[in-house]
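Dear colleague,

I am handing over the structure below, and my notes on what was found in it follow directly after.

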Amino acid sequence: MKSALYAGTALVALTASAASAEQITVFGTWLSPEAEIVEEIFDIFEERTGHEVSYVGSDSFEQQVLIDAEAGSAPNISIFPQPGLAADMASRGFLTPLKEGSADWIRDNYAAGQSWVDLGTYADENGDDNLYGMFFRVDLKSLVWYSPENFEDAGYDIPETMEDLIALSDQIVADGGTPWCIGLGSGAATGWPATDWVEDMMLRTQPPEVYDAWVSNELPFDSPEVVGAIEAFGTFALNDDYVAGGAGAVASTDFRDSPKGLFDSPPQCYMHRQASFIPAFFPEGTVVGEDADFFYFPAYEAADLGKPVLGAGTLFAITNPSDGAQELIEFLRDPAAHEVWMGYGGFLTPHKDVDPAKFQDDTSRALNEVLLNATTFRFDGSDLMPGAVGAGSFWTGMVDYAGGKEAAEVAAGIQSSWPE
């Protein structure tokens with residue numbers, strides 16, 4: 001009788017679990033092979049909960065997710081490649097706030113936690129702020145790449161502050177070398193590498209709330225704070241002694257070719273500021289960690305703004321509410337959800353409790369350390385601005401600045417292009 005009772009209880013529990021299981025639909029930009037990795041992560045969630053997750057990736061995500069929302073056929077969860085579109089959809093009532101307590105969890109468990117709360121918080125259709133986004137998979141931009149062998153041969157140390165970085169640049173010039181390779185060329189997108197420089201300089205000369213005001217145009221583009229950040233970029237890019245080929249070569253050098261000067265003998269340059277993806281354009285056979293390495297693009301000690309980091313990332317948000325959708329978002333708090341992708345490479349996370357040993361290689365571990373040491377994280381500003389500015393006048397304005405136009409004139413032109 002006791003065995004029969006236990007068996008009956010187990011059957012009831014199993015039936016109840018099956019009855020509450022949901023089919024959860026997820027839509028994002030990840031295609032193969034990333035799609036297979038995210039599906040492996042969802043497999044863990046399915047085993048734990050009994051829910052079924054169906055993921056679809058598309059290279060037309062930005063257009064399709066809005067069409068589906070307007071038609072009332074949105075997926076349960078959408079994975080946004082940047083927060084601008086998510087904020088727009090929240091303002092139209094197409095997103096569902098995350099569960100109460102989510103913001104506190106992010107603050108406590110993500111490095112620079114308040115930054116991630118800020119980046120996932122948007123106004124709804126009534127103008128009220130809510131937390132809608134849980135960030136998952138992050139990219140870094142605040143990096144300087146160099147050749148360890150070149151630094152060792154010349155006796156140079158890794159700079160800890162922006163003041164040290166400028167002093168190192170001056171020392172390299174005094175030694176007869178050229179400190180920097182900088183290239184803005186990128187076909188129709190020429191100019192975008194300079195926008196990253198300016199964004200990094202904004203974070204190193206102004207508090208994060210000023211950066212946010214600039215991105216939303218509450219602080220005009222032609223304000224002294226922004227002009228100062230452009231000129232801080234010019235400290236490096238407009239100095240003939242600092243740049244391989246001289247300042248006149250900056251705008252015409254393709255960003256993909258620019259870092260190759262690090263590997264010439266003798267080197268054409270000693271440093272190159274670029275995001276974590278740039279090793280894809282290093283000469284064939286270059287081993288990161290041996291032939292090339294990186295350090296954090298440092299902050300000004302005098303400004304006392306901590307260690308800000310510029311980057312990008314994807315966020316999960318609920319576009320068709322259900323209990324299962326909320327459970328899947330909560331599952332992303334589990335280190336296991338992050339550690340699966342860490343093992344494949346190409347994945348960084350601000351989650352402080354992941355096991356660093358699970359990263360695919362030492363380079364990934366070191367990159368993630370930069371992220372974990374950040375006191376502030378901010379998203380690429382040009383990606384959050386209106387397209388006419390962030391992927392238009394900001395790009396071309398930076399080319400004009402590299403070509404000799406005054407920063408104030410360039411900034412005024414960009415401001416005049418801002419949509420009403």
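**Salt bridges and surroundings**

Asp334 and Arg48 join their side chains in a salt bridge with an N to O distance of 2.5 Å, a salt bridge being a side-chain nitrogen of Lys or Arg within 4 Å of a carboxyl oxygen of Asp or Glu. This pair links distant parts of the chain, 286 residues apart, with Asp334 in the loop between helix 12 (323–331) and helix 13 (335–342) and Arg48 in helix 2; helices (H or I, at least four residues) and strands (E, at least two) are DSSP runs, numbered from the N terminus. The model is predicted, so local features need pLDDT of at least 70 and side-chain atom pairs count only at pLDDT 80 or more, while totals for chains, interfaces and linings use all residues. Residues are numbered from 1 along each chain as its sequence is written, and side-chain values use heavy atoms, with hydrogens and water left out.

By this rule, the count comes to 14 salt bridges. Another one pairs Arg365 with Asp362, their closest N and O atoms being 2.5 Å apart, and these two residues, three apart in helix 14 (residues 362–372), are separated by about one helical turn. Asp362 is exposed, at 58% relative accessible area, whereas Arg365 is partly exposed, at 25% (buried means under 20%, exposed over 50%, partly exposed in between, with a 1.4 Å probe and protein chains only).

Gln274, in the loop between strand 8 (272–273) and strand 9 (293–296), is buried, with a relative accessible area of 2%. Leaving aside residues up to four places away in sequence, Gln274 touches Lys141, Leu143, Trp145, Trp192, Pro193, Asp196 and Phe255, contact meaning heavy atoms within 4.5 Å.
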